[in-house]
Amino acid sequence: MTSIPTRQPALFLSHGAPPLVDDPTWVGQLQTLAGTLARPTAILVVSAHWEAAPLTIGSTDSRTPLTYDFGGFPEKYYRVLYPSPGAPDLARRVAALMPDGEPIAHDPRRRLDHGAYVPLTVMYPDADVPVLQISLPTLDPERLLELGRRLRPLRDEGVLIIGSGFTTHGLPFLRDRRPEATPPGWSAEFDAWARERLEAGDVESLVRFRETAPGMPFAHPTVEHFAPLFVALGASDDAEQRPYQVIDGFWMGLSKRSLVLS
């Protein structure tokens with residue numbers, strides 16, 4: 001008898017750079033989060049590190065190499081493997097959920113980037129859950145909310161939807177890059193604003209974060225790391241809900257606030 005899939009939440013994760021896997025606090029937080037979730041049938045990831053229009057579906061072949069989209073780190077981070085099963089059925093479902101007539105691309109050479117596999121190596125270290133990555137087809141929050149709404153039915157099929165970014169990402173403006181660094185004012189102010197707006201279900205202000213949030217543009221000189229939040233909000237039952245803010249705090253002065261949305 002086939003078991004009935006357990007409905008999954010949508011997540012927004014502040015994924016961090018590859019060295020975050022060596023941070024015991026962050027690893028413990030992600031492991032605790034994973035322990036609260038039922039086992040998904042598959043995982044769908046939208047990462048800040050893959051912008052491509054039209055919507056592009058990545059490789060469904062576990063033999064496709066990971067995308068090591070970073071530089072300047074020790075060699076060990078370029079040897080990490082995450083041979084999770086491909087998810088061709090999920091790829092077909094994603095395509096079927098898109099509007100009629102909307103172009104969809106496929107890139108069989110593009111496997112998981114570090115926004116996808118870094119947190120998954122902690123949450124599902126056995127790499128035994130099928131994973132699919134799709135691109136960020138736009139940075140427009142309203143369009144990303146709509147993309148999330150299109151993907152929402154997958155949650156009833158046991159698919160865990162993850163938007164992977166970072167709540168603040170002002171790398172050019174960091175003066176202290178130690179993991180325990182005191183967050184700059186712009187990072188702390190943006191993080192506090194995001195927490196308050198999320199608790200209030202104020203999606204309108206979140207959508208207009210470039211104009212309304214303190215700490216801008218330093219918190220996000222480019223906005224691709226905040227954009228995945230809107231996919232997760234759209235995939236939730238109600239974008240104006242008060243999400244469970246499961247991880248907070250800072251790493252290297254950047255906010256690692258992460259959310260669970262029902």
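1. Asp 61 is partly exposed because its relative accessibility is 27% (buried is under 20% relative accessible area, exposed over 50%, partly exposed in between; 1.4 Å probe, protein chains only). Its salt-bridge partner is Arg 63, with the closest N and O atoms 2.9 Å apart. A salt bridge here puts a side-chain nitrogen of Lys or Arg within 4 Å of a carboxyl oxygen of Asp or Glu. Arg 63 counts as exposed, at 71%.

2. This is a predicted model: local features need pLDDT of at least 70, side-chain atom pairs pLDDT 80 or more, while totals for chains, interfaces and linings use all residues. Numbering runs from 1 along each chain as its sequence is written, and side-chain values use heavy atoms, without hydrogens or water.

3. The structure holds 20 salt bridges. Asp 191 and Arg 257 form one of them, at 2.8 Å, N to O. Asp 191 lies in helix 5 (185-199) and Arg 257 in the loop between strand 9 (254-255) and strand 10 (258-261), so the pair ties together parts 66 residues apart in sequence. Helices (H or I, at least four residues) and strands (E, at least two) are DSSP runs, numbered from the N terminus. Both Asp 191 and Arg 257 are buried.

4. Check Glu 224. Glu 224 is buried but has no salt bridge; Arg 210, the nearest side chain of opposite charge, is 8.9 Å away. For charge, Lys and Arg count as positive, Asp and Glu as negative; His and the chain ends are not counted. Glu 224 sits in the loop between helix 7 (209-212) and helix 8 (228-235).
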